[in-house]
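Thanks for coming, everyone. Let's take a look at the structure on the screen.

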Amino acid sequence: MGKESASVDISEPFLEESEGIGAVETELIPEWKDQITIRGLSVSALLGTLFCIITHKLNLTVGIIPSLNVAAGLLGFFFVKSWTSFLSKLGFSVQPFTRQENTVIQTCVVACYGLAFSGGFGSYMIAMDERTYKLIGADYPGNRAEDVKNPGLVWMIGFMFVVSFLGLFSLVPLRKVMVMDYKLTYPSGTATAMLINSFHTNTGAELAGNQVRCLGKYLGISLFWSCFKWFFSGIGDSCGFDNFPTLGLTLYKSTFYFDFSPTYVGCGLICPHIVNCSVLLGAIISWGFLWPFISQHAGNWYPADLESNDFKGLYGYKVFIAISLILGDGIYNLIKIIVITVKEICNKSTKQSNLPVTVEILDGESSRLLMEQRRRDEIFLKDRIPSWFAAAGYVGLAAISTATIPAIFPPLKWYLVLGSYILAPALAFCNSYGTGLTDWNLASTYGKIGLFIFASLVGTDGGVVAGLAACGVMMSIVSTAADLMQDFKTGYLTLSSAKSMFVSQLVGTAMGCIIAPLTFWLFWTAFDIGSPDGPYKAPYAVIFREMAILGIEGFSELPNHCLAMCCGFFVAALIINLMRDVIPKRISQYIPIPMAMAVPFYIGAYFAIDMFVGTVILYVWERINRKDAEDYSGAVASGLICGDGIWTIPSAILSIFRINPPICMYFGPSSRS
């Protein structure tokens, strides 16, 4: 779910009016090779490692991953600018830091940490492990001991290398069509370009410096607070500030409490208000009403003496109702984007396009803007990537992958892998086009569809592993293809070479194939991943394995009335999404998002409280000083998230060496009845 985020309303004319972009005629553009530097790649590796750790932590706890693109661009600017200033003061001659190099760094970092998401380290990959198998139950129909593959550093790195590059080659020949001909907005890519362009103006550089200082301040506060919390977290899962009954012990039992997490508060600052409110509404519906109501029927609807994690009891309702909401939202948006895509492509031929294109400005500025447009077009097309190279790369990598993946996952036969690679470019195009229109990257939805199809095709003999592996193949291709096209848009607007964008994506992906598994291994070795009572619940591991089992076994083993409830919530997700699209914007902006509502159904309400605190802080800040909120809220949020993420490293090392916190701060009733 992480990358499926609400669209951002940013248009190209706004970018063109930004300070400093009017000077593009006189700016000296470095050659594409000069845009890729050793210092830039070094900074990319450092930031890629940090963001992989942050992504893993979010993936393994709540599964919501906000965009870190702004932080990547800002920190890349800060590190290289600091380094060049330091060397200049020492008397060394240094290569100027350009917006093109800044764009390359940002592209490389996003490609690297993107694999921490699409690599399935919090979803399909650990859905295969033994703990998830045991959690669902050895006697659960369709859940076989043979369908277990525990994480291993060697095979995970190998799998990353054979599946992660195909998406980059699948749509390269269409870059001109997507970016220049269709003029797709790619709102996040446009916003990133606007940010990087602003850094490289005088006033923009001053603001960037202030933002970096703000980020550093809150990073330090977050790091200190996370360290301070550790001393009180004791042994077990009920100690410390993470289990602080801020709203009382009664609500604490229903997971309603504020757990003082800088990461989730930071997410609340970054995510749109409607996302945070949707998460809280989902928590209230599920943990406030639905689960207590179902619990009253224990002994009637399901056996009353089951363990809390038994799928034949309340746990089954939690997981399957969450799945139904996720699928309802994902399928609706997939159909919607396919319809929009077909409609807009047809409209192109009749010159009736409704795409968010650059509007021609018929005033005194029109000539200058036209020259800027031509300059961007010229630079974007200057360093061509031959179509034969892209085709040969895709075919060659597909052949290697088709031969290799069955060796890693024997149930997924070579002809099934080959079939997925034949269909993948069409799906990658749909996802990339939809992302350009709406900013919704539906990679996980395509992955889930692949999971169901391949699990049902293979059947009971290995269908679970085959479905999960196929999910990984599909997610990797469609996700990286959309990310690449978004980066082409950023490069186009920052006057960066298309070739440097493609090479930096390749380098960032190669980094991610190594860094993402290594940083995941840090978590896997140090923490109890997948424990339903621990902080690293890995919620999507159970959900993805259950989806694979559903693809094979159907719905026969669900608890009483669970299927009816699932159908109800599935239809509700469709209706809510339809209402969001047909009702006027001034009203529909207050309608909740089903995908966001689904997350707390399974995990709990505590992180929804944290995110809501973040959104309240931002709301009040916007009312007091909107300009400051717009300029610094992203820096504050990134600092909170990064500081907490950095503490994960020493925390993991302490855990590996079995050094436990000295104090257990625990809360209980003052008297027992």
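**Confidence, then salt bridges**

Where pLDDT is low, the predicted coordinates should not be read in detail.

Some ground rules. This is a predicted model, so local features need pLDDT of at least 70 and side-chain atom pairs count only at pLDDT 80 or more, while totals for chains, interfaces and linings use all residues. Residues are numbered from 1 along each chain as its sequence is written, and side-chain values use heavy atoms, with hydrogens and water left out.

Now the protein as a whole. Mean pLDDT is 84, and 91% of residues reach 70 or more. Confidence is lowest in H1, at a mean of 36. It is highest in helix H7, residues 153–163, at 95. Helices here are DSSP runs of H or I, at least four residues, and strands are runs of E, at least two, numbered from the N terminus.

On to charges. How many salt bridges does a search of the whole structure find? It finds 10. The criterion is a side-chain nitrogen of Lys or Arg within 4 Å of a carboxyl oxygen of Asp or Glu.

Take Lys382 and Glu31. Their side chains meet at 3.3 Å, N to O. Lys382 sits in helix H16 (residues 366–382), and Glu31 in the loop between helix H1 (12–16) and helix H2 (32–35), 351 residues apart. Lys382 counts as exposed because its relative accessibility is 52%. Glu31, at 41%, is partly exposed. The cut-offs: buried is under 20% relative accessible area, exposed is over 50%, partly exposed is in between, with a 1.4 Å probe and protein chains only.

Next, Asp644 and Lys57, a salt bridge at 3.1 Å, N to O. This pair links helix H27 (residues 626–656) to helix H3 (residues 38–61), 587 residues apart. Is Asp644 buried or exposed? Buried, at 4%. Lys57 is buried too, at 15%.

Last pair: Arg131 and Asp528, at 2.4 Å, N to O. Arg131 is in helix H6 (residues 130–136), and Asp528 is in the loop between helix H21 (498–526) and helix H22 (539–553), 397 residues apart. Arg131 is partly exposed at 34%. Asp528 is partly exposed at 45%.

Technical notes: pLDDT is the predictor's confidence in each residue, from 0 to 100.
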